Amino acid sequence: MSMQVTELKNTFSAAFESLQSGVSNRLPLWVEDLRLRALEHFEAVGFPTTDDEDYKYTNVAPIARGNFQPAAASDASGIIDPAHLEQFIYEEADGRRLVFINGFYDAELSSLDALPAGVIAGNLADALNGDAGTMLKNFLARGAETSGDDAFTALNTAFLASGAFVYVPRNVRVEAPIHLLFVTESAGEAIATFPRVLVIAEPHSEATIIEDHTALVEQASYFSSPVIEIYVDDEARVAHYKVQRESIDALHVARTRVEVGRAGIYDSTTINLGSALARHNINLQLRGEGSETWIDGLFFGEGTQHMDTHSLINHLEPHCTSHQAYKGILNDRARSVFNGRIFVHPGAQKTDAYQSNKNLLLSNEARVDTKPQLEIFADDVKCSHGATVGQLNEEELFYLISRGIHPELARNLLTYGFAEAIVEKIKVASIKRQLDEAILNRLHASLEA
Amino acid sequence: MLEIRDLHATVDGNEILRGIGLKVRAGEVHAIMGPNGSGKSTLSKVVAGHPAYEVTGGEVLFEGKDLLELDPDERARAGIFLAFQYPVEVPGVSNAQFLRLAYNEKMKHTGDEELDPLEFKDLLAERAKIVEMDPGLMSRSVNEGFSGGEKKRNEILQMAVLQPKLAMLDETDSGLDIDALRIVAEGVNKLKSPDKAIVLVTHYQRILNYIVPDFVHVLYKGRIVRSGGKELALELEEKGYDWVKELDREAATVGAQ
Ligand SMILES: Nc1ncnc2c1ncn2[C@@H]1O[C@H](COP(=O)(O)OP(=O)(O)OP(=O)(O)O)[C@@H](O)[C@H]1O
Ligand SMILES: [Mg+2]
């Protein structure tokens with residue numbers, strides 16, 4: 001193991017110990033135990049290197065080199081003027097907004113006065129310490145036991161001290177979105193943050209979750225490693241938006257882990273705009289018959305941004321559907337990696353799995369590595385996958401230009417058109433508007449002639 | 001309005017246009033006919049400025065100015081319009097948005113008032129009537145999933161929105177059903193005026209019953225081998241192209257001597 005990695009582990013281990021000794025954020029014994037085991041697991045597996053198949057194209061060494069110090073709760077409280085958060089607000093989620101500074105829940109900045117009765121949304125630490133805390137034993141970090149965590153997920157668990165907890169009881173429908181706003185305020189320090197989310201949607205319930213990662217300063221350099229676990233119970237329905245609009249110098253390595261029960265519906269849309277390096281690990285378990293899922297995403301990289309999506313979709317039961325459509329736009333010297341594995345287990349008959357990754361290169365120096373993978377161990381299934389990498393279509397371009405549209409505008413229009421299917425899918429108008437603006441902004445364009 | 005002199009053009013090194021001459025005055029309708037592969041679409045695309053075609057000789061003047069100097073978008077804004085034989089599908093770009101952008105680019109060029117989406121909606125509804133276009137097609141992506149006939153109708157709708165000085169309609173009639181042909185042709189007639197000209201590429205006499213040409217030209221192997229009045233179209237319909245090909249062979253023999 002290299003020096004850097006050893007040092008890094010020492011950094012995190014030391015930070016872990018100081019966190020352990022802090023009295024204020026004590027968690028139930030079983031959680032402390034979980035955290036300790038996670039740290040041990042992290043120390044045992046270490047950070048991946050490019051020798052690991054899963055990290056062949058994504059070098060996480062900058063995380064090791066960065067000497068990032070885990071943020072502490074006390075560093076963050078009261079330092080943020082609520083006015084500074086206005087830029088991040090989605091008005092659809094008014095009264096259902098949880099704000100986290102450097103991963104720590106901030107009750108002052110949050111507003112939760114519009115939640116339906118019975119719905120819990122708040123600090124994960126409070127939930128764990130509360131009366132029903134032990135019931136969460138079954139859910140928290142379940143992936144660690146079933147599939148074994150990677151280093152980043154383990155590290156997040158090791159530093160679990162706060163986070164978001166959303167619980168939607170049986171038959172309750174939360175019509176409007178719940179916004180989990182994770183803001184990093186690093187104050188110029190190289191900090192590490194570990195946002196954590198646990199969502200439990202009971203049978204027949206319904207909710208929309210916006211998981212949002214951003215920073216107060218656009219050029220801040222920090223390491224953010226969020227983990228979100230979502231449990232969609234039988235016939236429940238969860239829409240999940242992940243908006244990754246971190247600082248342009250951030251390093252972001254995230255885990256999304258979802259389990260879907262019988263006839264459950266999970267519909268996710270990930271938008272990747274920020275970070276110098278963004279890696280998203282998705283693990284979707286279709287555990288109940290007849291579940292239906294959408295796992296869609298859009299990434300737009302520019303400069304030297306590196307955006308990597310690794311997803312594993314496990315079809316464990318029959319009659320489940322997974323549709324995955326990822327679209328990437330890459331400009332300048334940006335680079336993307338897409339690796340999508342669909343695993344159809346024996347017995348998962350009548351699986352309907354579709355996966356596509358389409359990439360649009362706006363520059364000759366941009367680069368894409370895409371690899372859809374199907375592993376099928378059932379015989380009566382409908383599975384398809386495909387990937388494309390291309391540039392703007394010359395005939396389409398000429399068609400627009402031949403109507404008097406300036407070439408630059410025509411190119412922007414086509415680029416915008418490429419992303420449209422994903423943008424159009426977004427049902428929260430403010431997210432859609434924001435994405436529209438972000439795309440046009442990156443094209444240095446307006447679609448106004 | 002348009003004057004083409006001894007125009008030669010190649011695509012991927014193959015000479016497709018081999019000395020075309022054509023003069024179109026304001027208010028005129030010209031029909032261009034000729035067998036498949038003779039270069040009709042090539043000619044219209046060269047005039048529109050398609051980058052795949054290289055002009056290797058001759059000149060094209062539009063309103064007395066060198067057209068070949070202009071970029072394709074500049075040509076369009078100057079008043080040139082090509083209704084494509086095969087209209088292109090543009091996924092993700094709505095027809096209404098596309099039309100408004102094109103319209104506003106033109107307005108900006110002429111110093112006229114640009115329209116916001118609401119104002120443009122009214123204008124579009126007005127123009128759509130000219131070709132009896134289904135309003136449902138406005139909010140869909142440009143030509144995506146349109147039927148062959150709908151695509152052709154959409155080309156003429158674009159013409160109605162942009163009101164070009166010179167419209168080249170490349171086989172707009174093919175793919176249209178009998179009623180649609182009448183509607184679209186009548187639409188084109190409504191857009192006709194003494195200060196505008198139309199060049200119509202077609203294989204069939206039928207559309208010429210609606211849009212009556214002042215001149216008919218026969219293009220064969222990259223040259224105009226015969227020009228005449230509207231009766232020439234009838235003659236072609238009756239006799240086919242064999243005699244025209246014969247003319248070309250004679251011309252070639254004469255040229256060789
Ligand atoms: N990229 C290319 N390379 C070689 N030849 C080409 C290329 N593009 C077009 N051509 C040829 O140029 C010739 C003229 O084509 P064009 O489309 O202009 O014909 P047309 O008269 O419009 O025919 P139609 O009546 O079938 O529409 C054809 O023989 C065609 O195959
Ligand atoms: Mg043709």
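Predicted model: local features only at pLDDT ≥ 70, side-chain atom pairs only at ≥ 80, totals over all residues.
Trainee: Let's start with the interface. How many residues of chain A are in contact with chain B?
Mentor: On the chain A side, 20 residues take part. They are in contact with 33 residues of chain B.

Trainee: What area is buried between chain A and chain B?
Mentor: About 2300 Å². Carbon and sulfur atoms give 64% of that area.

Trainee: How many salt bridges cross between chain A and chain B?
Mentor: The rule finds one. A:Arg403 pairs with B:Glu155. Their closest N and O atoms are 2.7 Å apart.

Trainee: Which helices of chain A supply residues to that side?
Mentor: Two to look at are α8 (394–401) and α9 (407–425). Each supplies at least two residues of the side of chain A that touches chain B.

Trainee: And what classes of residue are on that side of chain A?
Mentor: There are 11 nonpolar residues, four polar and five charged.

Trainee: How many polar contacts are there between chain A and chain B?
Mentor: The count is 10 residue pairs, with both residues at pLDDT 80 or more.

Trainee: Switching to chain B. What is its secondary structure?
Mentor: Chain B has nine helices and 12 strands.

Trainee: Why call chain B as compact as a globular protein of its length?
Mentor: Its radius of gyration is 18 Å, and the globule rule gives 18 Å for 257 residues, so chain B is as compact as a globular protein of that length. The C-alpha atoms fill a box of roughly 65 × 40 × 35 Å along the principal axes.

Trainee: What share of chain B is buried?
Mentor: Buried residues make up 53% of the 257 residues.

Trainee: And where do the contacts in chain B reach along the sequence?
Mentor: Take contacts between residues at least 6 apart in sequence. Of those, 69% join residues at least 24 apart.

Trainee: Where do A:Asp267 and A:Lys425 sit in chain A?
Mentor: A:Asp267 is in strand β14 (residues 265–272), and A:Lys425 is in helix α9.

Trainee: What does A:Glu302 pair with?
Mentor: A:Glu302 forms a salt bridge with A:Arg442, with closest N and O atoms 3.5 Å apart. A:Glu302 lies in the loop between β16 (292–301) and β17 (306–315), while A:Arg442 is in helix α10 (residues 429–442). A:Glu302 is partly exposed at 23% relative accessible area. A:Arg442 is buried at 11%.

Trainee: Which residue pairs with A:Asp33?
Mentor: That is A:Arg37, at 3.5 Å between the closest N and O atoms. Both lie in helix α2 (residues 29–45), four residues apart, about one turn of the helix.

Trainee: Which residues are linked in a network of salt bridges?
Mentor: A:Arg142, A:Arg257, A:Glu259 and A:Arg287 are.

Technical notes
Residues numbered from 1 in each chain as written. Chains lettered and ligands numbered in written order. Heavy atoms only, no water. Contact = heavy atoms within 4.5 Å. Buried area = accessible area lost by both parts, 1.4 Å probe. Salt bridge = Lys/Arg side-chain N within 4 Å of Asp/Glu carboxyl O. Polar contact = N/O pair within 3.5 Å; in protein donor to acceptor, adjacent residues only side chain to side chain. Nonpolar A, V, L, I, M, F, W, Y, C, P; charged D, E, K, R; others polar. Rg over C-alpha atoms; globule rule 2.2 N^0.38 Å. Buried < 20%, exposed > 50% of the residue type's maximum accessible area, 1.4 Å probe, protein only.
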